[in-house]
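Hi,

Here is the structure I promised to pass on. Have a look at it first, and then read my notes below.

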Amino acid sequence: MESISLNAYAKINLSIDIIGKRPDGYHDVKMIMQTIALHDKVTLEVRDGGIEIECDKSWIPTGADNIAYKAASLLMKEYNIQKGVCIKIAKNIPVAAGLAGGSTDAAAVLKGMNKLFSLNLGENELMAVGKQVGADVPFCIKGGTVLAEGIGEVLTELDSFSKVDIVLVKPEIGVSTAWVYKNLDLGKISIRPDTPLLIKAISNKDRICVAQNMKNVLESVTIEKHEVIKEIKQELMRLGALGSMMSGSGPSVFGIFEDRAKAEYAYEKLKNNKWDCFLTETLCEER
Ligand code: ATP
(Lines give C-alpha, C1' and ligand atoms only; values in the text may rest on other atoms or scores of the structure.)
Protein backbone atom coordinates (compact mmCIF):
# COMPACT_ATOMS: atom_id res chain seq x y z
CA MET A 1 0.00 0.00 0.00
CA GLU A 2 1.44 3.37 -1.03
CA SER A 3 -1.34 5.73 0.09
CA ILE A 4 -4.53 5.86 2.12
CA SER A 5 -7.34 8.42 2.58
CA LEU A 6 -9.43 8.82 5.72
CA ASN A 7 -12.30 11.00 6.91
CA ALA A 8 -11.32 12.82 10.11
CA TYR A 9 -14.60 13.62 11.88
CA ALA A 10 -15.31 16.60 14.14
CA LYS A 11 -16.93 16.24 17.57
CA ILE A 12 -19.42 18.16 19.65
CA ASN A 13 -19.95 17.90 23.39
CA LEU A 14 -23.40 16.98 24.70
CA SER A 15 -22.18 17.94 28.19
CA ILE A 16 -19.08 19.27 29.93
CA ASP A 17 -18.51 19.18 33.66
CA ILE A 18 -15.19 20.15 35.25
CA ILE A 19 -14.63 18.22 38.46
CA GLY A 20 -11.43 19.85 39.72
CA LYS A 21 -7.90 21.00 38.99
CA ARG A 22 -5.06 18.51 39.33
CA PRO A 23 -1.63 19.28 40.78
CA ASP A 24 -0.14 19.00 37.25
CA GLY A 25 -2.33 21.90 36.02
CA TYR A 26 -4.75 19.74 33.99
CA HIS A 27 -8.44 19.61 34.88
CA ASP A 28 -10.43 16.49 35.70
CA VAL A 29 -13.45 16.46 33.43
CA LYS A 30 -16.65 14.50 32.92
CA MET A 31 -18.06 15.08 29.46
CA ILE A 32 -20.12 13.40 26.80
CA MET A 33 -18.45 13.56 23.39
CA GLN A 34 -20.24 12.90 20.12
CA THR A 35 -18.82 12.42 16.62
CA ILE A 36 -20.53 14.39 13.84
CA ALA A 37 -20.48 13.95 10.07
CA LEU A 38 -18.52 17.17 9.34
CA HIS A 39 -14.98 16.05 8.49
CA ASP A 40 -11.54 16.85 7.13
CA LYS A 41 -10.02 14.54 4.51
CA VAL A 42 -6.58 13.22 5.45
CA THR A 43 -4.48 11.48 2.78
CA LEU A 44 -1.22 9.76 3.69
CA GLU A 45 1.46 8.80 1.18
CA VAL A 46 4.61 6.79 1.84
CA ARG A 47 7.86 8.63 1.10
CA ASP A 48 11.51 7.80 1.62
CA GLY A 49 12.02 9.68 4.85
CA GLY A 50 10.78 12.53 7.07
CA ILE A 51 7.33 14.05 7.52
CA GLU A 52 5.80 16.54 5.11
CA ILE A 53 2.46 18.31 5.61
CA GLU A 54 0.32 19.95 2.96
CA CYS A 55 -2.93 21.72 3.78
CA ASP A 56 -5.40 23.53 1.51
CA LYS A 57 -5.87 26.32 4.11
CA SER A 58 -2.89 28.67 4.35
CA TRP A 59 -3.44 29.54 8.03
CA ILE A 60 -2.88 25.97 9.26
CA PRO A 61 0.73 25.33 10.34
CA THR A 62 2.50 22.79 8.11
CA GLY A 63 5.59 22.18 10.23
CA ALA A 64 6.18 20.52 13.59
CA ASP A 65 3.44 22.67 15.21
CA ASN A 66 0.79 20.82 13.27
CA ILE A 67 -0.64 18.25 15.69
CA ALA A 68 -0.80 15.73 12.81
CA TYR A 69 3.00 16.07 12.50
CA LYS A 70 3.39 15.38 16.21
CA ALA A 71 1.25 12.23 15.89
CA ALA A 72 3.26 10.91 12.93
CA SER A 73 6.57 11.68 14.59
CA LEU A 74 5.64 9.91 17.86
CA LEU A 75 4.35 6.81 16.07
CA MET A 76 7.49 6.64 13.89
CA LYS A 77 9.70 6.83 16.96
CA GLU A 78 7.71 4.41 19.09
CA TYR A 79 7.40 1.75 16.37
CA ASN A 80 10.72 2.36 14.64
CA ILE A 81 9.24 3.16 11.22
CA GLN A 82 12.08 3.70 8.76
CA LYS A 83 10.06 5.24 5.91
CA GLY A 84 8.57 8.76 5.83
CA VAL A 85 5.07 10.07 5.25
CA CYS A 86 3.42 12.93 3.36
CA ILE A 87 0.22 14.11 5.10
CA LYS A 88 -2.30 16.01 2.96
CA ILE A 89 -5.13 17.70 4.86
CA ALA A 90 -8.26 19.01 3.16
CA LYS A 91 -9.60 21.20 5.96
CA ASN A 92 -13.37 21.63 6.38
CA ILE A 93 -13.64 21.73 10.18
CA PRO A 94 -13.42 25.29 11.55
CA VAL A 95 -10.17 25.91 13.46
CA ALA A 96 -9.92 26.77 17.18
CA ALA A 97 -13.67 26.24 17.36
CA GLY A 98 -14.22 23.60 20.06
CA LEU A 99 -14.70 20.84 17.45
CA ALA A 100 -11.39 18.96 17.97
CA GLY A 101 -10.34 19.77 14.40
CA GLY A 102 -6.63 19.29 15.08
CA SER A 103 -7.06 16.25 17.33
CA THR A 104 -9.14 14.44 14.73
CA ASP A 105 -6.46 14.97 12.04
CA ALA A 106 -3.90 13.52 14.49
CA ALA A 107 -6.19 10.53 15.14
CA ALA A 108 -6.61 9.94 11.39
CA VAL A 109 -2.82 10.02 10.95
CA LEU A 110 -2.37 7.36 13.65
CA LYS A 111 -5.12 5.14 12.23
CA GLY A 112 -3.92 5.61 8.66
CA MET A 113 -0.23 4.99 9.40
CA ASN A 114 -1.22 1.83 11.30
CA LYS A 115 -2.61 0.49 8.00
CA LEU A 116 -0.08 2.08 5.63
CA PHE A 117 2.88 0.55 7.47
CA SER A 118 1.05 -2.70 8.47
CA LEU A 119 1.73 -2.10 12.17
CA ASN A 120 -1.34 -4.14 13.18
CA LEU A 121 -1.84 -2.11 16.36
CA GLY A 122 -5.12 -2.48 18.24
CA GLU A 123 -7.30 0.49 19.21
CA ASN A 124 -5.89 0.59 22.75
CA GLU A 125 -2.29 0.78 21.52
CA LEU A 126 -3.22 3.57 19.09
CA MET A 127 -5.05 5.43 21.86
CA ALA A 128 -1.98 5.16 24.12
CA VAL A 129 0.09 6.99 21.48
CA GLY A 130 -2.81 9.41 20.92
CA LYS A 131 -2.91 10.36 24.61
CA GLN A 132 0.66 11.62 24.34
CA VAL A 133 -0.35 13.82 21.40
CA GLY A 134 -3.40 15.47 23.01
CA ALA A 135 -6.21 14.84 25.50
CA ASP A 136 -8.94 14.65 22.79
CA VAL A 137 -7.01 12.36 20.44
CA PRO A 138 -8.01 9.02 22.11
CA PHE A 139 -11.68 9.98 21.72
CA CYS A 140 -11.13 10.90 18.07
CA ILE A 141 -9.59 7.45 17.49
CA LYS A 142 -12.57 5.73 19.10
CA GLY A 143 -15.41 7.96 17.87
CA GLY A 144 -19.15 7.57 18.42
CA THR A 145 -20.91 8.52 21.67
CA VAL A 146 -18.55 8.39 24.62
CA LEU A 147 -18.27 9.49 28.27
CA ALA A 148 -14.81 10.98 28.76
CA GLU A 149 -13.30 11.30 32.23
CA GLY A 150 -9.83 11.89 33.69
CA ILE A 151 -8.28 14.63 31.54
CA GLY A 152 -10.51 13.37 28.73
CA GLU A 153 -8.69 10.14 28.01
CA VAL A 154 -10.63 7.66 30.21
CA LEU A 155 -13.34 6.63 27.78
CA THR A 156 -16.57 4.69 28.29
CA GLU A 157 -18.57 3.85 25.20
CA LEU A 158 -22.25 4.84 25.48
CA ASP A 159 -25.23 3.64 23.48
CA SER A 160 -25.28 5.13 20.00
CA PHE A 161 -26.89 8.54 19.52
CA SER A 162 -26.44 8.57 15.75
CA LYS A 163 -28.52 10.20 12.99
CA VAL A 164 -29.58 13.15 15.13
CA ASP A 165 -29.98 16.33 13.04
CA ILE A 166 -27.62 19.14 13.95
CA VAL A 167 -27.09 22.72 12.82
CA LEU A 168 -23.65 23.98 13.74
CA VAL A 169 -22.76 27.67 13.79
CA LYS A 170 -19.29 29.16 14.12
CA PRO A 171 -18.91 32.93 14.55
CA GLU A 172 -15.89 34.75 13.14
CA ILE A 173 -13.83 34.49 16.32
CA GLY A 174 -11.33 31.92 17.56
CA VAL A 175 -11.24 30.92 21.23
CA SER A 176 -8.15 29.60 22.97
CA THR A 177 -8.96 26.58 25.16
CA ALA A 178 -6.12 27.59 27.54
CA TRP A 179 -7.68 31.05 28.01
CA VAL A 180 -11.09 29.56 28.89
CA TYR A 181 -9.64 27.18 31.49
CA LYS A 182 -7.53 30.00 32.97
CA ASN A 183 -10.65 32.10 33.44
CA LEU A 184 -12.79 29.30 34.82
CA ASP A 185 -13.55 29.78 38.53
CA LEU A 186 -14.43 26.31 39.82
CA GLY A 187 -16.03 27.82 42.94
CA LYS A 188 -18.48 29.77 40.80
CA ILE A 189 -19.97 26.82 38.88
CA SER A 190 -23.61 26.70 39.97
CA ILE A 191 -25.30 24.62 37.26
CA ARG A 192 -23.74 21.31 36.30
CA PRO A 193 -24.97 18.69 33.81
CA ASP A 194 -26.92 15.74 35.17
CA THR A 195 -24.67 13.19 33.45
CA PRO A 196 -26.59 10.02 34.51
CA LEU A 197 -29.83 11.57 33.20
CA LEU A 198 -28.18 12.41 29.87
CA ILE A 199 -26.73 8.90 29.56
CA LYS A 200 -30.22 7.44 30.14
CA ALA A 201 -31.75 9.81 27.57
CA ILE A 202 -29.07 8.79 25.05
CA SER A 203 -29.89 5.10 25.67
CA ASN A 204 -33.57 5.84 25.08
CA LYS A 205 -32.69 7.81 21.90
CA ASP A 206 -34.70 10.61 23.50
CA ARG A 207 -33.35 13.63 21.62
CA ILE A 208 -35.80 15.98 23.33
CA CYS A 209 -34.54 15.02 26.79
CA VAL A 210 -30.88 15.22 25.66
CA ALA A 211 -31.44 18.62 24.01
CA GLN A 212 -33.22 20.05 27.05
CA ASN A 213 -30.62 18.85 29.55
CA MET A 214 -27.33 19.62 27.77
CA LYS A 215 -24.99 21.73 29.94
CA ASN A 216 -21.47 23.00 29.40
CA VAL A 217 -19.84 24.64 32.45
CA LEU A 218 -17.36 26.45 30.17
CA GLU A 219 -20.14 28.28 28.35
CA SER A 220 -20.50 31.18 30.81
CA VAL A 221 -16.73 31.85 30.72
CA THR A 222 -16.66 32.18 26.92
CA ILE A 223 -19.98 34.06 26.74
CA GLU A 224 -18.71 36.68 29.19
CA LYS A 225 -16.11 37.67 26.58
CA HIS A 226 -18.05 36.83 23.41
CA GLU A 227 -21.75 37.70 23.66
CA VAL A 228 -22.30 36.49 20.13
CA ILE A 229 -22.44 32.92 21.49
CA LYS A 230 -25.55 33.78 23.50
CA GLU A 231 -27.01 35.44 20.41
CA ILE A 232 -26.45 32.31 18.29
CA LYS A 233 -27.97 30.06 20.96
CA GLN A 234 -31.10 32.23 21.03
CA GLU A 235 -31.27 32.34 17.25
CA LEU A 236 -31.10 28.53 16.97
CA MET A 237 -33.89 28.18 19.57
CA ARG A 238 -35.99 30.78 17.75
CA LEU A 239 -35.54 28.77 14.55
CA GLY A 240 -36.90 25.62 16.15
CA ALA A 241 -34.01 23.82 17.89
CA LEU A 242 -34.98 21.48 20.74
CA GLY A 243 -31.90 22.71 22.59
CA SER A 244 -28.66 24.53 21.79
CA MET A 245 -25.25 24.65 23.43
CA MET A 246 -21.65 25.74 22.94
CA SER A 247 -19.27 22.91 22.01
CA GLY A 248 -16.00 22.48 23.94
CA SER A 249 -14.51 25.81 24.95
CA GLY A 250 -16.27 27.47 22.00
CA PRO A 251 -17.03 29.43 20.05
CA SER A 252 -19.02 26.89 17.96
CA VAL A 253 -22.65 26.52 18.96
CA PHE A 254 -24.95 23.72 17.81
CA GLY A 255 -28.66 23.06 17.88
CA ILE A 256 -30.36 19.66 18.04
CA PHE A 257 -33.45 19.39 15.85
CA GLU A 258 -36.46 17.09 15.84
CA ASP A 259 -35.95 16.02 12.22
CA ARG A 260 -34.01 16.81 9.04
CA ALA A 261 -36.68 19.14 7.63
CA LYS A 262 -36.64 21.35 10.75
CA ALA A 263 -32.84 21.42 10.76
CA GLU A 264 -32.82 22.33 7.06
CA TYR A 265 -35.25 25.18 7.69
CA ALA A 266 -32.97 26.68 10.37
CA TYR A 267 -29.87 26.10 8.22
CA GLU A 268 -31.44 27.88 5.23
CA LYS A 269 -32.32 30.86 7.42
CA LEU A 270 -28.84 31.05 8.91
CA LYS A 271 -26.49 30.07 6.09
CA ASN A 272 -26.11 33.44 4.42
CA ASN A 273 -25.70 35.19 7.72
CA LYS A 274 -22.44 36.59 9.10
CA TRP A 275 -21.53 33.21 10.63
CA ASP A 276 -20.22 29.92 9.18
CA CYS A 277 -23.04 27.43 9.25
CA PHE A 278 -23.17 23.64 8.74
CA LEU A 279 -26.06 21.21 8.36
CA THR A 280 -24.83 17.91 9.77
CA GLU A 281 -25.76 14.90 11.92
CA THR A 282 -24.36 12.74 14.68
CA LEU A 283 -22.47 9.56 13.71
CA CYS A 284 -21.90 6.23 15.39
CA GLU A 285 -18.48 4.68 15.90
CA GLU A 286 -16.70 3.87 12.63
CA ARG A 287 -16.61 0.15 11.93
P1 ATP B 1 -10.46 21.32 20.88
O2 ATP B 1 -11.92 21.17 20.60
O3 ATP B 1 -9.73 19.98 21.01
O4 ATP B 1 -10.13 22.28 21.98
P5 ATP B 1 -10.23 23.14 18.74
O6 ATP B 1 -11.18 22.63 17.69
O7 ATP B 1 -10.73 24.22 19.64
O8 ATP B 1 -9.76 21.91 19.58
P9 ATP B 1 -8.16 23.16 16.77
O10 ATP B 1 -9.01 23.34 15.57
O11 ATP B 1 -7.61 21.80 17.00
O12 ATP B 1 -8.92 23.66 18.08
O13 ATP B 1 -6.99 24.26 16.67
C14 ATP B 1 -6.27 24.72 17.77
C15 ATP B 1 -4.92 25.28 17.30
O16 ATP B 1 -4.12 24.21 16.80
C17 ATP B 1 -5.01 26.30 16.19
O18 ATP B 1 -4.36 27.45 16.65
C19 ATP B 1 -4.26 25.70 15.01
O20 ATP B 1 -3.43 26.63 14.36
C21 ATP B 1 -3.41 24.59 15.61
N22 ATP B 1 -3.33 23.37 14.77
C23 ATP B 1 -2.29 22.54 14.70
N24 ATP B 1 -2.53 21.51 13.88
C25 ATP B 1 -3.77 21.67 13.41
C26 ATP B 1 -4.59 20.92 12.51
N27 ATP B 1 -4.17 19.78 11.93
N28 ATP B 1 -5.83 21.37 12.28
C29 ATP B 1 -6.28 22.51 12.88
N30 ATP B 1 -5.54 23.26 13.72
C31 ATP B 1 -4.30 22.84 13.99
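What follows is a walk through the domains, the cores, the cysteines and a few individual residues.

First, the ground rules. This is a predicted model, where local features need pLDDT of at least 70 and side-chain atom pairs count only at pLDDT 80 or more, while totals for chains, interfaces and linings use all residues. Residues are numbered from 1 along each chain as its sequence is written, and side-chain values use heavy atoms, with hydrogens and water left out.

**Domains**

The protein chain is assigned domain 1 (3-157) and domain 2 (165-281); such bounds come from an automatic or database domain assignment. Their C-alpha centres are 23 Å apart. Domain 1 puts 27 residues into the contact and domain 2 puts in 33 residues, with contact meaning heavy atoms within 4.5 Å.

**Cores**

I use "buried" for under 20% relative accessible area, "exposed" for over 50%, and "partly exposed" for in between (1.4 Å probe, protein chains only). A nonpolar core is then a set of buried Ala, Val, Leu, Ile, Met, Phe, Trp, Tyr and Cys residues joined through side-chain atoms within 4.5 Å. The largest one has 72 residues, and the members touching the most others are Leu44, Ile87, Val109, Met113, Val167 and Leu236. Helix α2 (residues 101-116) gives this core its largest share, seven residues. Domain 1 (3-157) and domain 2 (165-281) each supply at least three residues to this core. Another core lies apart from it, with 27 residues that include Ile93, Leu158, Met214 and Phe254. As background, nonpolar side chains tend to be buried together in soluble globular proteins.

Helices and strands here are DSSP runs (H or I, at least four residues, for helices; E, at least two, for strands), numbered from the N terminus.

What does Ile87 touch beyond its neighbours within four places in sequence? Its contacts are Val42, Thr43, Leu44, Ile51, Glu52, Ile53, Glu54, Ala68, Ala72 and Val109.

If you were wondering about disulfides (a pair of cysteine sulfur atoms within 2.5 Å), the count is zero. For Cys55, the nearest cysteine sulfur belongs to Cys86 and is 12 Å away. Cys86 itself is buried, because its relative accessibility is 6%.

Asp105 is in helix α2. Is Asp105 buried or exposed? It counts as buried, because its relative accessibility is 3%. Setting aside neighbours within four places in sequence, Asp105 contacts Ala8, Asp40, Val42, Ala68, Ile89 and Lys91.

Asp17 belongs to strand β1 (residues 3-21) and is buried too, at 6% relative accessibility. Asp17 and Ile32 are 15 residues apart along the chain, with 9.1 Å between their C-alpha atoms. Leaving out residues up to four places away in sequence, Asp17 touches Asp28, Val29, Lys30, Arg192, Pro193 and Val217.

Ser244 is placed in strand β9 (residues 243-246) and counts as buried at 11% relative accessibility. Not counting residues up to four places away in sequence, Ser244 touches Met214, Lys233, Leu236, Met237, Phe254 and Gly255. Gly143 is 101 residues from Ser244 in sequence and 22 Å from it in space, C-alpha to C-alpha.

Most residues other than glycine have a negative phi, and most peptide bonds are trans. Here are some exceptions to look up.

- Ala100 has a positive phi of about 60° although it is not a glycine. Ala100 sits in the loop between β4 (84-90) and α2, and is buried at 11% relative accessibility.
- Asn120 also has a positive phi, near 55°. Asn120 is in the loop between α2 and α3 (123-133), and counts as exposed because its relative accessibility is 69%.
- The peptide bond from Gly250 to Pro251 is cis, with omega near 0°. Pro251 is in the loop between β9 and β10 (253-257).

Cheers
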